[in-house]
Amino acid sequence: MSVNSSVLEAFDESKLNSFHWKTILTAGMGFFTDAYDLFIIGTVTAILTPMWHLTTTQLSILNSTSLAAAALGALFFGKLMDLLGRKAMYGIEVAMLAVGAILSACAPSFIWLVIFRFIVGLGVGGDYPTSSVIMTEYANRKNRGFLVTMVFAMQGLGLLAGPLVASLLLSLGIPHAVAWRLMLGLGAIPAASVIYLRRKMPETPRYLLAVKQDASQAANVASHLTGQRVAGGSWNGTVAKQSMWSRKHVIRLIGTAGSWFLIDVAFYGNSVSSQLILKALLPHAALVTTTLVATAIFLVAAVPGYFVAAGLMDKIGRKTIQSVGFVVMACAYAAIFFVPTIAKLPIVFLIVYAISYFFIEFGPNTTTFLVPSEVFPTNLRGTAHGMSAAGGKIGAFLGAFVLPGILKASGLNVTMGMLAGVALLGAVLTMVAVPEMKQRSLEDNEEIHHSATSTSPRHSVS
C-alpha cells in the first residue's frame with residue numbers, strides 16, 4: 001500500500017495549533033460526560049433505594065450493568081474503527097450516551113433503568129478507544145502525551161460537575177422523585193454538544209495511509225490541518241498488515257490491558273478510604289454535606305494529578321509516570337496494612353489518602369488511557385485499545401463487587417494489604433511489558449517495506 005513520508009512528517013513535526021485544541025474539546029467532552037455519569041449514578045441509587053425499595057442484589061445489577069456494557073462497547077467500537085475507519089464510528093458513541101441519558105431519566109421502573117443504563121455503558125466504553133486513538137493519530141510527536149492526557153483530564157472536570165449538580169438540585173428542595181431524573185437527563189447535554197463536531201471530523205491521515213491506501217486524501221487532510229502544503233507522493237512503500245496475536249503484540253497487550261485491569265482493581269482502595277474519611281469526619285452529616293466534602297477532597301487531592309501528568313508526560317515519559325504511580329499507591333496501602341491505627345487518625349489518614357489519590361491520577365489512571373493508543377500499529381490500534389479498556393472495566397467490576405466481600409470478611413488492613421500487592425504487581429508489569437513512546441513517532445510501530453528506489457530508512461517496532 002502507498003505510504004507518503006511527507007504526510008507523516010507534517011503531523012509529527014507540526015506545532016500545536018487550533019485544531020489540536022478543538023480536538024481536545026471534542027474528544028474530551030465525552031470523558032466529561034462519562035465521569036459525570038460515573039458519579040451521579042451513586043447519588044441516584046441513594047435516592048432510588050428507599051423510593052423503589054431496591055434490594056442489595058438490584059443495586060449490584062444496576063451498577064454492574066453499565067460496567068459490563070462499557071467493556072462490550074470498548075471491544076465493539078475498537079474493532080469497528082479499525083475495520084471501517086475512525087470517522088465512520090466517531091460520534092456514534094456520544095449519541096448513544098445522550099440517548100441513554102435521556103431514556104434513563106424517563107425510566108418507569110427498575111428493569112427499564114437497567115436497560116437504559118446498558119445503552120449508556122456501551123457509549124461510555126466506546127468512547128475510550130475512539131477518542132484516545134483519534135487524538136493520538138492527530139497529535140504531533142513532541143506533544144502527543146500532553147494532548148491525549150488533556151482529553152482524559154476532562155474526566156476530572158466531569159467528576160467535579162457531578163456532585164455540584166447533585167448538591168444544587170438537592171439543596172434547592174426539588175422533590176427526590178424529580179431530582180434523580182434531572183440528574184440523569186442533564187448528562188445528555190455535554191454529550192449531545194459534540195455529536196456534530198465528531199461526525200464532521202475528517203479521517204486521520206495515518207489511517208488513510210496505512211489502511212485505506214489513499215495517499216492523495218491523506219495529503220489533503222494534512223495540508224488543511226497543519227496549514228502547510230503537503231506533497232502527495234514523495235516516496236512509496238508497503239506497510240505490512242500486522243497480527244494482534246504475534247508474540248510482540250501479545251506481550252504489549254498483556255502490559256496495557258493488565259496494567260489497566262490492576263489500576264481499576266487497586267482504585268477500590270481509594271473508594272474504601274473515601275468512605276472511611278467521611279464517616280470519621282462527618283458521622284451524622286446529610287447527603288448534601290458529604291457530597292460536597294467528597295468533592296472538595298477530590299478537587300484538592302486528585303484533580304491536580306491529571307494536569308501535572310499532562311505537563312510532564314512528554315518530559316518524564318509514560319513508563320516512569322505509570323511505575324511511580326503504582327509504587328506510591330502500594331506504599332500508601334501498605335502503610336494502612338502495617339499500621340492499622342492510621343485509620344483511626346483522620347488527619348493522618350487523609351494525608352495518606354490524598355497522596356495516593358494524587359498519584360493515581362498522575363500515574364496509571366491516566367497513562368493506561370494513553371499507552372494503548374501509542375504502542376500498536378495503525379491497523380490494530382483501535383482493537384488493542386478496546387481490549388485494554390475492557391480489561392480495565394473487568395478490573396472495576398471486581399474492585400466494586402468482589403472486594404467488598406473481602407473487606408467485610410477480613411477487615412480493612414487485610415484488604416489494603418492485598419491492594420498494595422495489586423499495585424506493586426502493576427509496577428512490575430509496567431516495567432516488563434510496557435514500552436516507552438516518549439518523543440517517538442507512531443510509525444516506529446509500523447513495518448514499512450520500502451521500494452527499491454526509496455532511500456528512506458525502514459521503520460519497525462523496536
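Let's start with Ala 107 and what sits around it: setting aside residues up to four places away in sequence, Ala 107 touches Trp 52, Trp 112, Leu 113, Phe 116, Trp 180 and Arg 181. Keep in mind that this is a predicted model. Where along the chain are we? Ala 107 is in the loop between helix 5 and helix 6. And is Ala 107 buried or exposed? Its relative accessibility is 0%, so Ala 107 counts as buried, the cut-off being under 20%. For a sense of distance, take Glu 203: that residue is 96 places from Ala 107 in sequence, and the two C-alpha atoms are 37 Å apart.

Now, one of those contacts, Trp 180, leads us to helix 8, which runs over residues 176–185. Which residues of helix 8 are buried? They are Ala 179, Trp 180, Met 183 and Leu 184. Those four cover an arc of only 130 degrees around the axis, so they lie on the same side of helix 8. And what does that buried set pack against? The partners are helix 2 (18–52), helix 5 (92–105), helix 6 (110–138), helix 7 (144–171) and helix 9 (188–192).

How many disulfides does the structure hold? The count is 0. As a reminder, a disulfide is a covalent bond between the sulfur atoms of two cysteines. Let me point out a couple of cysteines while we're here. Cys 106 is exposed, at 54% relative accessible area. Cys 331 also counts as exposed, with 51% relative accessibility.

Next, another buried spot, Thr 367. You'll find Thr 367 in helix 19, residues 364–370. Thr 367 has 0% relative accessibility, so we call it buried. Who does Thr 367 touch, if we ignore neighbours within four places in sequence? The contacts are Met 313, Arg 318, Ile 321, Gln 322 and Pro 372.

Then there's Val 239, in strand 1, which covers residues 237–239. Val 239 is buried too, with a relative accessible area of 8%.

A quick word on backbone angles. Most residues other than glycine have a negative phi. Where do they sit? Gln 213 is in the loop between helix 11 (205–210) and helix 12 (215–226), while Gln 439 is in the loop between helix 22 (412–433) and strand 2 (448–450). On accessibility, Gln 213 is partly exposed at 47%, and Gln 439 is partly exposed at 29%.

The lining has 18 residues, and the ones closest to the centre are Asp 82, Leu 83, Lys 241, Asn 379 and Leu 380. Which element gives the largest share of the lining? That's helix 3, residues 56–83, with 3 residues. By class, the lining splits into 9 nonpolar, 5 polar and 4 charged residues.

Key:
Residues numbered from 1 in each chain as written. Predicted model: local features only at pLDDT ≥ 70, side-chain atom pairs only at ≥ 80, totals over all residues. Heavy atoms only, no water. 1 Å grid on protein atoms, 1.4 Å probe; cavity = no way out; pocket = protein on both sides within 12 Å on 5 of 7 lines; lining within 4 Å. Helix = DSSP H or I, 4+ residues; strand = E, 2+ residues; numbered from the N terminus. Nonpolar A, V, L, I, M, F, W, Y, C, P; charged D, E, K, R; others polar. Buried < 20%, exposed > 50% of the residue type's maximum accessible area, 1.4 Å probe, protein only. Arc of directions from axis to C-beta. Contact = heavy atoms within 4.5 Å. Disulfide = S-S within 2.5 Å.
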